[in-house]
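Let's take a walk through this structure together. Have the 3D view ready and follow along.

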Amino acid sequence: MFFTRKANQSDVSDIAHIHFESWNATYSNLLPEMYRDKQNNLSQKMQMWEKVLPSSGVNTWIAYDTEDNALGFISYFKKSHECEITTLYLLPQYQNLGIGTKLMNAALIDASQCNSCSSLSLWVLKTNLSAISFYEKFGFQSDGQCDEELYEDTKITDIRMVKSL
C-alpha cells in the first residue's frame, strides 16, 4: 500500500536518492556508461532538488509506503498555460505496481484543475520504449519535436510528447 502527497523541502534527500537510483537503473542499457556516470551524481541531485523544490511554479508529488519510505516522485512546472513534466522516477523495485500511474494521475489532476494548464508535455529518450508506452496510456503523443545530443560516438535523442488537458 502506498499514498501520494505534495512534496516539501523535507523530501529533498528522498527525492535526490530516488532520482539518482532510478536514473542509473533506467538508463543502464540505454545510454553509454561514461555519459551516465557524468550525468548522474547524488551530490549534484541533492543540490539541484534543494533549489528546484521550493521554486515557484514547480509542483512535485511524492509516493510513500505505509512505513514512510519514499518510493517515487513526479515533478512538473507551469509556464503560461502550458506545463511540462520534468521528472517521473520510481525506485526500480517499486516499478510496475501502479505507483507511477498514481503519481501521473496526481500531476494530471493538479495541472488541469489547480494550475489551469491547457497541455502537459514531457521529453523522453527515444529508445526508452517502456516509458513511451507508459505515457501513451495517458494520451501523450509525440508532436514531432526532438532534441539530439552527440556524446562521443553516440547520438542521444529525446522526443517530446504532449497531452491536451
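We'll start with some strands and then turn to the rings.

A quick word on the ground rules: this is a predicted model, where local features need pLDDT of at least 70, side-chain atom pairs count only at pLDDT 80 or more, and totals for chains, interfaces and linings use all residues. Residues are numbered from 1 along each chain as its sequence is written, and side-chain values use heavy atoms, with hydrogens and water left out.

Find strand β7, residues 154-164. Strands here are DSSP runs of E with at least two residues, numbered from the N terminus, and two of them pair if DSSP finds at least two bridges between them. β7 pairs with β5 (residues 119-125) in the antiparallel sense, over seven bridges; there, Leu122 has Met161 of β7 as its bridge partner. β7 also pairs with β6 (residues 141-151), again antiparallel, over eight bridges. Look for Glu148, which stands opposite Thr157 in β7. The hairpin of β6 and β7 has two residues between the strands, and Glu152 in it takes a positive phi near 50°.

Now for the rings. Searching the whole structure turns up eight aromatic pairs (rings of Phe, Tyr and Trp, the last by its six-membered ring, with centres within 6.5 Å; planes under 30 degrees apart are stacked, over 60 edge-to-face, the rest tilted). One of them is Phe134 with Tyr135, an edge-to-face pair at 5.6 Å centre to centre and 70° between the planes.

Finally, visit Trp23: the charged end of Lys45 sits over its ring, 5.5 Å from the centre (the cut-offs are NZ of Lys or CZ of Arg within 6 Å of the ring centre and within 35 degrees of the ring normal).

How values were computed: Helix = DSSP H or I, 4+ residues; strand = E, 2+ residues; numbered from the N terminus.
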